[in-house]
Amino acid sequence: MGRVEGKVALVTGGGSGLGAADCEALAREGAVVVVTDVKLEPALAVADRIGNGALAMALDVADEAQWIAVMQEIEARFGRLDVLVNNAGVVLSADVEETSLEQFRWVSAIMTDGVFLGCKHAIPLMNKGSGGSIVNMSSTGALLGYPIFFAYSAAKGAVRAMTKSVAVMCQEKGYKIRCNSVHPGSIETPMVQTAEGRPGQTREIPEGVLPPGTAGHPKDVAALVLYLASDESRFITGAEMVIDNGVTIRPF
Ligand SMILES: NC(=O)c1ccc[n+]([C@@H]2O[C@H](COP(=O)([O-])OP(=O)(O)OC[C@H]3O[C@@H](n4cnc5c(N)ncnc54)[C@H](O)[C@@H]3O)[C@@H](O)[C@H]2O)c1
């Protein structure tokens with residue numbers, strides 16, 4: 001049996017990077033994955049590649065009407081939702097002095113509103129089935145605050161706090177829904193390539209234990225997301241799962 005056999009999983013921002021790797025891992029372990037992205041074409045390509053009944057849908061996570069439509073479609077097709085991975089994100093390289101209010105609101109709309117809306121609209125559908133697992137993609141930026149990614153760090157801090165609120169609310173209301181945040185350090189994806197000024201140039205990530213300073217591979221994060229999505233992690237909720245090869249605990 002696969003580790004998430006028979007589950008229905010929705011991944012946002014599933015057309016690229018970490019989201020695509022999450023979709024792949026979930027499908028490999030038996031989930032039917034709804035691959036969503038603001039860009040439909042890459043989502044279609046991922047759904048096609050991973051198989052296992054995966055389907056692609058356009059979803060701009062900042063748009064509540066689209067969340068409602070996607071949830072209605074999933075309910076009509078499957079009658080349940082077991083896993084939500086709130087992964088979609090954007091990065092803005094600007095410190096607090098350089099960030100305009102408009103830019104701050106753009107980043108917040110995608111990463112704060114997007115996670116809020118995902119949790120809000122997934123919970124009722126998860127409750128129609130046998131509960132579920134929500135995995136919110138945060139960042140080490142939520143724990144450290146990155147000066148050059150000011151709006152990004154602020155949004156990721158909100159994701160960390162929303163996760164804990166959702167986790168406790170679900171317990172208090174007797175819902176069988178867990179909610180955890182994932183905090184990756186630098187992982188080799190198109191987002192990082194662009195932020196580092198080398199769009200489209202993928203660095204090879206070696207196998208085995210990595211030395212500090214080396215970026216991780218998307219499959220490293222996908223392995224953690226898969227664990228949190230599965231029932232193996234049934235005793236974990238409201239947790240902040242740091243996956244950064246020790247970066248945030250180094251004294252210098
Ligand atoms: N790569 C890293 O080092 C790293 C580290 C920590 C956290 N993260 C987080 O992981 C998540 C995925 O990042 P990635 O590195 O894979 O980036 P990526 O740029 O490769 O992928 C992001 C995906 O989100 C989609 N997206 C953007 N705006 C959207 C919207 N409004 N609605 C729906 N989808 C939208 C994009 O189309 C893209 O497919 C993000 O939340 C990011 O902040 C990444």
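Mentor: Let us begin with residue classes: Ala, Val, Leu, Ile, Met, Phe, Trp, Tyr, Cys and Pro count as nonpolar, Asp, Glu, Lys and Arg as charged, and the others, Gly among them, as polar. The model is predicted, so local features need pLDDT of at least 70 and side-chain atom pairs pLDDT 80 or more, whereas totals for chains, interfaces and linings use all residues. Residues are numbered from 1 along each chain as its sequence is written, and side-chain values use heavy atoms, with hydrogens and water left out.

Trainee: How do the residues of the lining of the largest cavity divide by class?

Mentor: On a 1 Å grid over the protein atoms alone, a cavity is a set of points where a 1.4 Å probe fits but cannot get out, and lining residues have an atom within 4 Å of a point. The lining consists of Thr12, Val61, Asn86, Asn87, Ala88, Ile110, Gly114 and Val115. By class, these residues are 4 nonpolar, 4 polar and no charged.

Trainee: What volume does the largest cavity have?

Mentor: Grid points are joined across faces, edges and corners, and a volume is the space filled by probe spheres set on the points. The search of the whole structure returns 1 cavity of 30 Å³ or more. The space in the largest cavity is about 40 Å³.

Trainee: Which helix gives the most to the lining of the largest cavity?

Mentor: Helices are DSSP runs (H or I, at least four residues), numbered from the N terminus. With 3 residues in the lining, the main contributor is helix H4 (residues 101-128).

Trainee: How much of the accessible area of the ligand does the protein cover?

Mentor: Polar contacts are pairs of N or O atoms within 3.5 Å. A backbone N or O atom of leucine 18 is 2.8 Å from a ligand oxygen atom, and a polar backbone atom of valine 61 is 3.0 Å from a ligand nitrogen atom. By the Shrake-Rupley method with a 1.4 Å probe, of the 830 Å² that the ligand has on its own, the protein covers 92%.

Key: 1 Å grid on protein atoms, 1.4 Å probe; cavity = no way out; pocket = protein on both sides within 12 Å on 5 of 7 lines; lining within 4 Å. Helix = DSSP H or I, 4+ residues; strand = E, 2+ residues; numbered from the N terminus. Polar contact = N/O pair within 3.5 Å; in protein donor to acceptor, adjacent residues only side chain to side chain.
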